[in-house]
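Please read it alongside the sequence and the coordinates.

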Protein chains: 2
Amino acid sequence: MTYCVGLRLNKGLVFMSDTRTNAGVDNFSVTKKMFTWDVPGERVITVMTAGNLATTQALVSLLDERSKILAERSPTIMELPTMFQVARLVGATLKEVIIDSNPEGQEAATKFRASVILGGQIKGGSPTLFMIYPEGNFIEITDDSPFFQIGEAKYGKPILVRAFDPDMSFEDTIKLLLVSFDSTIKANLSVGMPLDLQIYAKDSFEVRNMNRIEADDPYFESISSGWGEALRTALTQLPSYKLD
Amino acid sequence: MTYCVGLRLNKGLVFMSDTRTNAGVDNFSVTKKMFTWDVPGERVITVMTAGNLATTQALVSLLDERSKILAERSPTIMELPTMFQVARLVGATLKEVIIDSNPEGQEAATKFRASVILGGQIKGGSPTLFMIYPEGNFIEITDDSPFFQIGEAKYGKPILVRAFDPDMSFEDTIKLLLVSFDSTIKANLSVGMPLDLQIYAKDSFEVRNMNRIEADDPYFESISSGWGEALRTALTQLPSYKLD
């Protein structure tokens, strides 16, 4: 499986993804699921993928190839004027890949499905996020639910729902995300370290702070080991149940 | 859906279940999912169910009926000498109900499947818990993983993994369970209040502390509203991420 989260803060966008892919539990590897394209000073576009690896790799390769070979199909994600139009193009490309994988030949056990979180900013617009479905359609982030998750979303959701606030700093958001990812990694073998992290500061139009957080990262270890203790302390702060 | 948890403490057993059943989101109701049989001074047996309601009601009715009509099929859950044998009987009865629901007639959209958490104590044995699968087979609780969940288990699992300890008091365990249930209820509409709670004190061989916790229960409200704040405080106790 996979776990990816994209959040919209007032200060910008934060993306985090795990890197584990697997076919069963006896065949797993590390694969990047976060991809960024930019025109410095004009646009930054980030894509995170979950689902069938052949599908997501084909999607990213097509987006990338078409952004370089201008003649083939234009405009590309490097030229479209708004994030909404980029989302339409990514959705259409995703749908195209999935349909191509389902020919008349032998039926596969899987449906080659995949989902995408798309985020970024193009000059003239605000930073935004989209969740794109295998059918090619998509939803945009709103103030009421200011984050998207794809993949194994359930274990790490309650802490995001309770503690995330768009006014948070980038640093606090990363801390919160690491707690969410740590809970998920502890609960589902198909989500694993290292983690990819990217921060996009509003109106910066440049890629900064792309980090890979390894399993032995001292900060991650301090969060992972400290969170259990912090939770138990938090529980003691709540009033006690009175048995009759 | 459903959410039920059974935990084994050194002091005894704790059971909690939600009460929402639904067919789609436009048809839901309150239904008890926790059932207890006892022979005071000799045995207490509790069953919690998740899955198809027709299946789980039939299971409970059969267990109940057969425990009263001695002639029909003997021994019943009221007479079997060990919890292991009770688990075998409950598993066999569950399998029988599911097979009966799948005749040669029209194929249904669902598979009439259900899962069960069985717990209790019979004189001569220790308090224990079993998780029983739709196929009728089952696993028993171990010291390494001292709780079982059925239904919508993911949202509420991380807090249990992090904070549960078999040395806990009943009061602290209930507080922990309410946090786990509150996180689940906030995330999945098919899990809902009120909650049924039962505590079994080791070697007591009697049913005590069966409570229904309503949505407007002041203690539950204090946990539900206080936990968000407690979590945010817990996060601030962790070290901050340093951006380059």
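The buried residues of α2(B) pack against β6 (43–51), α1 (53–68), β7 (114–122), β8 (128–132) and β9 (138–140) of chain B. Contact means heavy atoms within 4.5 Å, and buried means under 20% relative accessible area, exposed over 50%, and partly exposed in between (1.4 Å probe, protein chains only). This is a predicted model, in which local features need pLDDT of at least 70 and side-chain atom pairs count only at pLDDT 80 or more, while totals for chains, interfaces and linings use all residues. Residues are numbered from 1 along each chain as its sequence is written, chains are lettered from A and ligands numbered from 1 in the order in which they are written, and side-chain values use heavy atoms, with hydrogens and water left out.

**Helix α2 of chain B**

- Helix α2 of chain B spans residues 83–100, which is 18 residues; helices (H or I, at least four residues) and strands (E, at least two) are DSSP runs, numbered from the N terminus.
- From first C-alpha to last, α2(B) reaches 25 Å, close to the 26 Å expected at 1.5 Å a residue, where the expected span is 1.5 Å times one less than the number of residues.
- The buried residues of α2(B) are Met83(B), Val86(B), Ala87(B), Leu89(B), Val90(B), Gly91(B), Thr93(B), Leu94(B), Val97(B) and Ile98(B).
- An α-helix has 3.6 residues a turn, so residues three or four places apart point the same way.

**Chain A as a whole**

- Chain A has five helices and 12 strands.
- Along the principal axes, the C-alpha atoms of chain A fill a box of roughly 70 × 45 × 35 Å.
- Of the 244 residues of chain A, 52% are buried.
- Among contacts in chain A with a separation of 6 or more, 62% come from residues 24 or more positions apart.
- Chain A exposes about 10,800 Å², with 52% supplied by carbon and sulfur atoms.

**Backbone geometry**

- Most residues other than glycine have a negative phi, and most peptide bonds are trans.
- The peptide bond from Met193(A) to Pro194(A) is cis, with omega near -5°, and Pro194(A) sits in the loop between α4 (170–187) and β11 (195–201) of chain A.
- In chain B, a cis peptide bond with omega of about -5° joins Met193(B) and Pro194(B); Pro194(B) is in the loop between α4 (170–187) and β11 (195–201) of that chain.
- Asp203(A), not a glycine, has a positive phi of about 60°; Asp203(A) lies in the loop between β11 and β12 (208–213) of chain A and is partly exposed, at 46% relative accessible area.
- Asn209(A), in strand β12 of chain A, has a positive phi near 50°.

**Individual residues**

- Asn102(B) is in the loop between α2 and β7 of chain B and is partly exposed, with a relative accessible area of 40%.
- Leaving aside neighbours within four places in sequence, Asn102(B) is in contact with Lys111(B) and Phe112(B).
- Gly228(A) lies in helix α5 (residues 218–237) of chain A and is buried, with a relative accessible area of 4%.

Definitions and conventions
Areas by Shrake-Rupley, 256 points an atom, 1.4 Å probe, with all protein chains shown as cover.
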